[in-house]
Structures are given as structure tokens and as C-alpha cells.
Amino acid sequence: MSLLIRNGEIVTADSRYRGDIYVEDETITRIGVHLDAGPETEVIDATGKYVFPGFIDPHVHIYLPFMATCAKDTQQTASIAALVGGTTTWIEMCCPSRLDDALAGYQLWKSKAEGNSACDYSFHMSVTKFDDRTEGQLREIIADGIASFKIFLAYKNFFGVDDDEMYRTMSLARKHGIIVTAHCENAELVARLQQELIAQGKTGPEWHEPSRPESVEAQGTHRFATFLATTGAAGYVVHLSCEPALRMAIRAKERGTKLWIESVIPHFILDKTYAERPGVEGMKHVMSPPLRDKRNHKVLWDALAAGLIDTVGTDHCPFDTSQKLLGKDAFTQIPNGIPGVEERVNLLYTNGVRRGFLDIHRFVDAASTKPAKLFGLFPRKGTIAVGSDADLVIYDPDYRGVISAKTQHVNNDYNGFEGMEIEGRPSVVTVRGKVQVRDGAFVGDTRHGRFLRREATHFQ
Ligand code: URP
Ligand code: ZN
Ligand code: ZN
């Protein structure tokens, strides 16, 4: 089957021009002007629309047993939501706990996705302990096509690693050209502050942020960067939320540490007053690192525009109202997470590109090209070029809409961005040449998504 996308404004991380894109089977085979359609070719008119490379979300949680419950989405529900929102590939955090076997965990996560995803996918492999079996298991997982690890400096006794485990993970990663992604908060300090606040009767969701202050994230970021510099491994801070942590990361970059920075869409759009709303409304906005003081928004947008923040993900992690209420008596029991896989691209376009905070090429770079480059998917993904996978987003900049739980595809009973206006949305979305979204609606195949084997690229 072939496809001709005519007369769109093709925008990549470094180019912008009007043209036609010809797709044969799964691949872009020609780019030009006035291309001819063959007899069996479907023609899509993209006049007045942008054509972007399929967006890549470098940080999602789909299957996640966590905080005495399990995140709500299935691969099917979340991948439909992702595609409607323009995301054609995601990298899911594979997160067995410290009590689980790493290899069995990897196989479990993979089996959940196999044949159940509408978008393409890979995994960051979490290393949540490092014992005698870990090195051999991680080598097997690398050989299966995994090119990134994940470590948690937070979540003591569940996902969190100690210094020795972090050192051994990074040493192994360096040897194999693997990039280590990290959740950077000091677990000890969080545990102490949580205990103190609860003992003082401060139990509501508004105390989640004070239990994990900016300084605690800054310390975690500095600690991660110090270990990277010492081991020579490449690293990536996930969901960086605030100025002090950003300063730590930038200083490390300036010293020559191989470090990249991700922030996630809730931290650009929402602030801690959302978590201070009474009762369950506040609980819906509990994630870690927490939503911060609003003054951080400008800092994050400026750093993103300047390329100091490299990527924008979501940390998509849905828990419904009844799950959030597990923490009604103590904020420490509120399952952490805010979904966003459906909204990321539209919110970034609306609040960044449309409002003049973000150049359109940086937008494409941060939400597609840079994740592809950092995680071993480029140029197969992350660009529009002959030979690349035909993952394309025909984006309608004239669309106007309002985010609502009533119309979302994510398996949840609320939306953390409820009522926010969007100015633009994906009209047509293809994954490897197959039209999965048409007129903004999912029309595709929920089994079309494929596991992406990735090559390690972070040697020296
Ligand atoms: O609150 C969050 N971020 N939940 C998901 C787990 C994690 O830390 O990424
Ligand atoms: Zn995290
Ligand atoms: Zn996460």
C-alpha cells in the first residue's frame, strides 16, 4: 500500500518547506514537489497543515504496579490516546521492584505490550537492585535491543538504589554504551520529611510538595551527576521540575559531564496550587517530583527554548479517583502520577509555539528528534527523510478545542488538564505508513505497534 501526503508544510528539527511525501509500505521513499500518485496510492491533502515527524514520548508508565495499586491504562488504551495526541513511539519505564527478578520483570513488561499496542514502543530497563545475577541479566536485556537503563534515587526500599548499586549500574552502562536515566530525589530526606509532617498531623496532598522540596531534587541531581562524572557513564535526568535542580544539571554539563535533561509536560503547565486544592482534587495532582511554585515555569520554558532542557516527555501515569483516595488519610499513600500522553504535544504546541515561547523546530526537536537521537532510534524515527519510518503527524493549526475527561482516550475518570484550551491538534497520524488517526479520531489497528530494538550509542 502506498500513500501520498500532498502539499503540507513539512517541519523537522532543522528544516521547513512545502512539499509532498511518498510512502511505500512502512517507509518514506520520496520527498519532493508535485509527486505523482500511483494507481493504488491513497492521497491525503495536507494543504494548510504542518507535517511533523511522529512524536516520541521518552517517559511513560503503562503497566506499573506501584504504591499498593496498579496504573490504570493498558497498552491498548494508552497507545490509542498517544496516537490521537500525535505520539507514534513511546519508551516505557520497565519497573520491577527490588523484590522482583529483573529479567522476569523485563519479560513480563514486554509480554504486556506484545500485540497490544497501536504505537511503536521500547523500554528503559530499571535497575532497582544490583546483586550477583544483575550483570548477566542486564547483558541479556541489552542483547534483546534495550539501550537505556533507569535508576531511582527516590522511593526508598521499593525502586531506590544505594550508592554502590548506582556505581555498579553506571560502570556496566559505560562499558556497553548505555545511557542511564534517573529519577533524582534524595530518598532519605524525603522519608524523614514525610515522617515529620505526618507526625505533625499534616496529612493532606498540599504537604506532598513540602515533603520533597526543590533542594532535595537539586541534591539528587548533583549526586547523580557526580556519579556520572566519576564513572564516565552517560546520563539523563528524568522529569526535572525546578530551578535549583536545573542549575545543578547545567553546572555538570558545563564541567563536561555527559548529561541530558528531560522535563515533563505537567511541570510546564501546572503548579503546586493544583495539589493544594481540597481533598481528592489536590490528590489528582500529586506526582514526584511534585508540581512546583509557579516561578519555575518561566525558568523551564526559557531553558527548553535555549536547548538546555533537551526533551519534553510526560511521565504518563494514570491513577483514577478511587486509587488517589488511598491517600485520603496520609499524602504519603497517594499513588504518585499524572497522565499526559494524550495532551503533551498539543499543550507544548499551544503554550510553547503558539504563545511564542518555543521555536517550532525546537518543539519538534524536544518532542521527537532529540529523544530519537539520545535513545538509539535516529534516523529511523524522529525525522522526515527518505528511508525513515513513515511515522507522520499532519497537524491542523486551526483546530480549537478544550481538554476534557469526557472526550479523552486514557483509561481514567478525570483529566489533570481539564478545561485547558488547545490551539491545534493532529488531524492524520501514520505509524510506519499505516493511517492510525483520521480527522482526529483513532481509526487504526491496536496491534500494529512494534517493539523497537535499539542500538547502544553512548560510547565515550
Ligand atoms: O509521580 C510519578 N512520577 N509517578 C511515576 C513514577 C515516577 O517516579 O516516575
Ligand atoms: Zn520518577
Ligand atoms: Zn516516571
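Which residues is T314 in contact with, leaving aside its neighbours within four places in sequence? I began my entries with this residue, bearing in mind that the model is a predicted one.

**Entry on T314**

I located T314 in the loop between β15 (311-313) and α13 (321-324). Leaving aside the neighbours within four places in sequence, I listed its contacts as D57, H59, V60, V264, I265, P266, I338, G340, V341 and R344. I then looked up the accessibility of T314 and noted a relative value of 0%, so the residue counts as buried. Two polar partners of its side chain went into my notes: the side chain of D57, with which T314 makes a polar contact at 2.6 Å, and the backbone nitrogen of H316, which the T314 side chain reaches at 2.9 Å.

**Entry on ligand 1**

I next listed what surrounds ligand 1, and found H59, H61, Y155, H183, H239, M287, S288, D315, C317, N336 and G337. H59 was already in my notes as one of the contacts of T314. For the polar approaches I recorded an oxygen atom of ligand 1 at 2.7 Å from an N or O atom in the side chain of Y155, an oxygen atom of the ligand at 2.8 Å from a polar backbone atom of S288, and an oxygen atom at 3.4 Å from a polar backbone atom of G337. Taken alone, ligand 1 exposes 260 Å², and I noted that the protein buries 99% of that area.

**Entry on H183**

Among the residues surrounding ligand 1 is H183, which I placed in strand β12 (residues 179-183). The side chain of H183 makes a polar contact of 3.0 Å with the side chain of H239, and H239 is itself listed around ligand 1. Not counting residues up to four places away in sequence, I found that H183 touches K150, I151, F152, L153, A154, Y155, V238, H239, S288 and P289.

**Entry on the aromatic rings**

How many aromatic pairs does the count come to? I noted 23 of them. One is the pair of Y50 and F52, which is stacked, with 5.3 Å from centre to centre and 25° between the planes; Y50 and F52 are both buried. I then turned to F55 and F363, whose ring centres lie 5.4 Å apart with the planes at 50°, so I recorded this pair as tilted. Because F55 lies in strand β6 (residues 55-60) and F363 in helix α15 (residues 360-374), the pair ties together parts that are 308 residues apart in sequence. I found F55 and F363 both buried.

**Entry on helix α3**

Last, I went through helix α3 (residues 134-143), in which T134, Q137, L138, I141 and I142 are buried. Why do they lie on the same side of α3? I noted that they cover an arc of only 140° around the axis, which puts them on the same side of the helix. What the buried residues of α3 pack against I recorded as α2 (102-113), β10 (120-126), β11 (148-152) and α4 (163-176). After α3 comes G145, for which I wrote down a positive phi, near 110°.

Methods:
Residues numbered from 1 in each chain as written. Chains lettered and ligands numbered in written order. Predicted model: local features only at pLDDT ≥ 70, side-chain atom pairs only at ≥ 80, totals over all residues. Heavy atoms only, no water. Buried < 20%, exposed > 50% of the residue type's maximum accessible area, 1.4 Å probe, protein only. Helix = DSSP H or I, 4+ residues; strand = E, 2+ residues; numbered from the N terminus. Arc of directions from axis to C-beta. Contact = heavy atoms within 4.5 Å. Near = heavy atom within 4 Å. Polar contact = N/O pair within 3.5 Å; in protein donor to acceptor, adjacent residues only side chain to side chain. Areas by Shrake-Rupley, 256 points an atom, 1.4 Å probe, with all protein chains shown as cover. Phe/Tyr/Trp six-rings, centres within 6.5 Å; stacked < 30°, edge-to-face > 60°.
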